[in-house]
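Reader: I am new to this structure and would like to be taken through it step by step. Could you start with what I need for reading the helices?

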Amino acid sequence: ERVIAGDTPGLTRDSISVSWLWKNRPVQIVDTAGIRRGAKRERSNEIEDLAVLDAMRAMKTADVAVLVLDAQAQYIQRQELAIADAVVREGRALVVAANKMDLIVDADYTAKDFAVAVQDQIESRYPMLRRTPVVAMSSLLGENVRNLMPVVFNARDRWERMISTGQLNRWKDEVMDEHSPPMQNHRPTKIKYIIQTKGRPPTFLLFCNVSQLPVNYLRYLTRNFQDTFDMFGMEVRLVVKRSAENPFDGKKQKKETTGIGGWQGRQKRMTAHLKKTGSPIQKGKRMQRQKKRW
């Protein structure tokens, strides 16, 4: 009841927030204004520019951004692809809602065919957005509208998922066995271990014997990671850090001892005894002297 819908361009100006419950789960939906290209905006006033800025602010604070497409256009426009890229670069999870499918779907062309076509168009432009969740629906007829929220919550759960270090390193070993990283400076490149630093968006730290990995190999890791852990429709951030030692290998660094009871004190006592007697301290006598001292 708070949102006005219509065919007039620029009808929505403010980002309107609506709070409600979906299957006893709290949801806050923000209806934003459409984002048109700068060349197509009205130059007579700054209202549309302010509406676009308000929509971008809402996108940056969202968990999941739903990009609504007009299926009647038959293809994804450049501006819509740019919005999808901005959502993922910002670290949000992306879901595509292809509306008005009732205008193009017939007996030979199903909603699933249309959803796959939309996925292919997005992937051809941005390979990292492969297999982005797409819901083909008709808001006018109410077809497949109920399928949107389960997809949105599934994307949110995957977006904030935390993966154990053991599972990550098992995946790392399998990936390196299948395709090892290329050599750098005539030395083999090794990925020692990997940990997840945070979710929302999923970020992972790769400790290597080099400061950076080739771009092609990082793309290979990203694609394999998405296939293994179902991280589609979001950016998987793999950060490479050079590491000399593995802090999880269980080895303890040898502590330096100083003072009277350390190696410096023992060396002084052995030197003094050698000057006085002309012979080194024997092990038994040294133990006896320590007992007498105590």
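Author: An axis here is a line fitted to C-alpha atoms, for helices over the stretch in contact, and angles run from 0 to 180 degrees between N-to-C directions. Please keep in mind that this is a predicted model.

Reader: How do helix 5 and helix 6 lie to each other?

Author: The axes of helix 5, residues 165-178, and helix 6, residues 215-229, come within 11 Å and cross at roughly 125°. Angles over 145 degrees would count as roughly antiparallel and those from 65 to 115 as roughly perpendicular. The two helices, helix 5 and helix 6, are therefore oblique to each other.

Reader: Is the crossing of helix 5 with helix 6 left-handed or right-handed, and how many residues of their contact are nonpolar?

Author: Where helix 5 passes helix 6, the crossing is right-handed. On the side of helix 5 the contact includes L168, W171 and V175, and these residues belong to a group that meets residues of helix 6, among them Y220, L221 and F225. Of the residues in this contact, 1 is charged and 3 are polar, while the number of nonpolar ones is 9.

Reader: Which residue in strand 7 is the bridge partner of I191?

Author: Strand 6, residues 191-198, and strand 7, residues 203-208, run antiparallel and are joined by 6 bridges. Among the paired residues is I191, whose partner in strand 7 is C208.

Reader: Which peptide bond is cis, with omega near 0°?

Author: Strand 6 and strand 7 form a hairpin with 4 residues between them, and R200 in the turn has a positive phi of about 55°. P201 also has its place in the loop between these two strands. The cis peptide bond, with omega near 0°, runs from R200 to P201.

Reader: What distance separates the C-alpha atoms of E160 and D63?

Author: E160 lies in the loop between helix 4, residues 148-159, and helix 5, and at 28% relative accessibility this residue counts as partly exposed. Although E160 and D63 are 97 residues apart along the chain, their C-alpha atoms are separated by 9.0 Å.

Notes
Residues are numbered from 1 along each chain as its sequence is written. This is a predicted model: local features need pLDDT of at least 70, side-chain atom pairs count only at pLDDT 80 or more; totals for chains, interfaces and linings use all residues. Side-chain values use heavy atoms; hydrogens and water are left out. Angles under 35 degrees count as roughly parallel, over 145 as roughly antiparallel, 65 to 115 as roughly perpendicular and the rest as oblique. A crossing is left-handed if the near helix is turned anticlockwise from the far one by less than a right angle, and right-handed if clockwise. Contact means heavy atoms within 4.5 Å. Ala, Val, Leu, Ile, Met, Phe, Trp, Tyr, Cys and Pro count as nonpolar, Asp, Glu, Lys and Arg as charged, and the others, Gly among them, as polar. Two strands pair if DSSP finds at least two bridges between them. Buried means under 20% relative accessible area, exposed over 50%, partly exposed in between (1.4 Å probe, protein chains only).
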